[in-house]
Amino acid sequence: MNVNTLKLSLLTYIKHLSLYDYLAFTWLILTFLVLIVLAILIAKRSSVLSLLLVIFSLLFLVVAPMFIKLKLADSYRKATTEVTLVKRLTFSDSLIVEGIITNESKKDFSLCLVQTSVFRDTNATGIKAIVQTLKPLVNRSILLEQELQKENSMDFRSVFENFVYTGDFNATLKAECY
């Protein structure tokens, strides 16, 4: 995932915060402040324990927003994707990836950020497999401003021009809908 894709995903998320997001982040800040106050109170008795509590509080402040986003996406804004067709065109250097986005949440979506990535298809295991998932051959993010009613699906197509890779490959779709 490149920097522009990450930036677009983060800005889209911030722009479409819901009540549950605000409540979760308020809880996060209050918990952080309580832990810091507790560390200050403990500092008189044990400076080592106080320092460990401050370090834990800072780690909590950095890691918790990622879990909040993932948990809310999984429960409140659940959308599944399925790749239905990956076709390399014969007479041009183009690749077509088609898929379906399904709204499995209890609310209607008005916007979806769809990320399509194409990876090398190897039988690597361990760290090599993880590194290959971090480095796609090509990827594309598209913002779809289209209504997606609850329990309905929407077709999606992404075309990659100048796709010159000749080996085996896989395509994946990820969707963040709001």
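V48, L51, L52, I55 and L59 make a nonpolar surface patch of about 500 Å² in this predicted model. L59 sits in helix α3, which covers residues 47–75. The structure also holds 1 disulfide, formed by C112 and C177.

**Surface**
- L59, one of the patch residues, has a relative accessible area of 52% and counts as exposed, because the cut-off for exposed is over 50%.
- The accessible surface of the protein chain totals about 11,900 Å². Carbon and sulfur atoms account for 62% of that area.
- Of the 178 residues in the protein chain, 30% are buried.

**Disulfide**
- The sulfur atoms of C112 and C177 are 2.1 Å apart.
- The link is right-handed, with 110° about the S-S bond.
- C112 belongs to strand β3 (residues 112–120) and C177 to strand β6 (residues 169–177), so the pair ties together parts that lie 65 residues apart in sequence.
- Both cysteines are buried: C112 has 0% relative accessibility, and C177 has 2%.

**Fold and overall shape**
- The protein chain has 4 helices and 6 strands.
- From the N terminus, the order of elements is α-α-α-β-β-β-α-β-β-β.
- The radius of gyration of the protein chain is 21 Å, well over the 16 Å from the globule rule for 178 residues, so the chain is more spread out than a compact globule.
- The C-alpha trace spans about 75 × 40 × 25 Å along its principal axes.
- Among contacts with a separation of 6 or more, 73% join residues 24 or more positions apart.

Note on methods. Residues numbered from 1 in each chain as written. Predicted model: local features only at pLDDT ≥ 70, side-chain atom pairs only at ≥ 80, totals over all residues. Heavy atoms only, no water. Disulfide = S-S within 2.5 Å. Helix = DSSP H or I, 4+ residues; strand = E, 2+ residues; numbered from the N terminus. Buried < 20%, exposed > 50% of the residue type's maximum accessible area, 1.4 Å probe, protein only. Patch = residues over 30% accessible without salt bridge, like charges linked within 9 Å, V, L, I, M, F, W, Y side chains within 5 Å. Areas by Shrake-Rupley, 256 points an atom, 1.4 Å probe, with all protein chains shown as cover. Salt bridge = Lys/Arg side-chain N within 4 Å of Asp/Glu carboxyl O. Rg over C-alpha atoms; globule rule 2.2 N^0.38 Å. Contact = heavy atoms within 4.5 Å.
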